[in-house]
Amino acid sequence: MKSNNSLNSVYFQLTLFADYGPLRYLFFSLCLLIYMTIISANLVIILTVCLEKSLHQPMYIFICCLSFNSLYGSAGFFPRFLMDILSDTHLISRPSCFIQIYVIYTFVGHELTLLAVMAYDRLVAICQPLHYRSKMTFKMVQHLLIFSVLYPAFAVGFCVYLASCLPLCGNKLHRLFCTNWSVVQLSCVDTTANSLAGRILTVISVFIPLLFVLYTYLRILLVCRRSSSEFRGKALQTCLPHIVTFVNYCISVFCELSLSRYKADELNTFVTVALSLEFLIIPPINNPLVYGLNLPHIRGVIFRCFKMLKMAPTV
């Protein structure tokens with residue numbers, strides 16, 4: 001049991017922040033630039049898909065939802081993080097902490113579920129092209145998107161609720177933001193139920209979607225082996241952005257999972273910071289760049305819009 005008088009504390013202290021003096025303004029500027037880049041890049045993808053009727057197809061709708069999710073996850077982290085960089089005290093209220101946990105964890109769950117849904121879309125498009133339109137109807141797309149939102153929302157909500165009910169004997173979190181397990185570790189009572197719920201959440205929200213994506217690409221690979229080189233080229237063109245995004249997100253998630261398995265205060269501070277920020281910064285920047293630059297339909301619409309903007313002042 002932790003001997004700390006903060007049993008009834010309404011605040012958590014984020015102890016990973018350090019006093020860097022005037023350098024804090026440089027860090028703030030860099031992080032603000034990253035946040036603005038995430039917002040701008042993802043808004044370009046969202047507006048491109050929403051405004052261009054030729055992109056109102058399942059694959060592009062799912063890409064648009066990935067960008068919405070990137071904005072959602074970034075909004076749950078960056079505003080608070082930017083405030084903490086400039087602040088001398090790094091306290092976060094108990095309700096705000098659990099809201100941040102919920103937003104960041106559902107962001108991860110939505111991303112992985114959407115990647116699984118997109119893998120299913122590519123599986124049908126490549127392995128059953130004649131049945132694609134009959135299977136991937138607008139109603140089916142709606143159902144898949146509702147599933148990708150509600151599935152992580154309820155799973156994460158249950159784990160966060162369990163953590164919020166725990167009596168705590170401390171208030172110091174050695175992290176840059178609130179995480180479920182770091183809060184659970186402050187508990188004064190047995191946390192077996194929380195540990196079990198966390199493992200189940202990891203399996204259903206992380207490993208099941210990842211295994212499904214691997215299964216779909218194994219099926220796609222087997223179909224491509226029996227097909228012509230032209231067919232393989234087209235399949236690779238549509239699947240490559242998804243593969244890059246999938247691999248990038250796997251690395252990001254496993255960095256965070258690795259960090260949660262060890263005591264953060266026993267790791268090098270730089271390693272802890274890098275592992276903490278990787279899955280919150282790289283995927284939201286990577287997704288719009290990969291899909292915007294690699295998919296010719298999206299790239300063509302974006303370039304056409306930029307050309308129109310350049311020509312507008314001269315008209």
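Contact here means heavy atoms within 4.5 Å of each other. With that in hand, let's walk through the model.

## What you're looking at

This is a predicted model, where local features need pLDDT of at least 70 and side-chain atom pairs count only at pLDDT 80 or more, while totals for chains, interfaces and linings use all residues. Residues are numbered from 1 along each chain as its sequence is written, and side-chain values use heavy atoms, with hydrogens and water left out.

The pLDDT is the predictor's confidence in each residue, from 0 to 100. The protein has a mean pLDDT of 83, with 92% of its residues at 70 or more. Where pLDDT is low, the predicted coordinates should not be read in detail.

Helices (H or I, at least four residues) and strands (E, at least two) are DSSP runs, numbered from the N terminus. Two strands pair if DSSP finds at least two bridges between them. By that rule there is an open sheet of three strands, in the order 2-1-3 and with mixed pairing. Strand 2 (91-93) and strand 3 (172-173) are the edge strands, each with a single partner, so one side of each has no neighbour in the sheet. Strand 1 (residues 11-14) pairs with strand 2 in the antiparallel sense over three bridges, and with strand 3 in the parallel sense over two bridges. Q13 stands opposite L91 in strand 2 and also opposite K172 in strand 3, while F12 stands opposite I92 in strand 2. Helix 4 (residues 94-127) packs on the sheet and touches strand 1, strand 2 and strand 3; its direction makes about 85 degrees with that of strand 2 (axes are lines fitted to C-alpha atoms, for helices over the stretch in contact, and angles run from 0 to 180 degrees between N-to-C directions).

Buried means under 20% relative accessible area, exposed over 50%, and partly exposed in between (1.4 Å probe, protein chains only).

A nonpolar core is a set of buried Ala, Val, Leu, Ile, Met, Phe, Trp, Tyr and Cys residues joined through side-chain atoms within 4.5 Å. The largest one has 83 residues, and F12 and I63 have the most contacts inside it. Helix 4 gives the most to this core, with 16 residues. Leaving aside neighbours within four places in sequence, I63 is in contact with I45, M118, Y291, L295 and I298.

Over in helix 2 sits S70, which is buried with a relative accessible area of 0%. Leaving aside neighbours within four places in sequence, S70 is in contact with N42, F107, E111, P284 and N287.

## Aromatic pairs

Rings of Phe, Tyr and Trp (its six-membered ring) pair if their centres lie within 6.5 Å; planes under 30 degrees apart count as stacked, over 60 as edge-to-face and the rest as tilted. The whole structure has nine such pairs. F12 and F98 are edge-to-face, at 6.3 Å centre to centre and 80 degrees between the planes. F12 lies in strand 1 and F98 in helix 4, so this pair ties together parts 86 residues apart in sequence.
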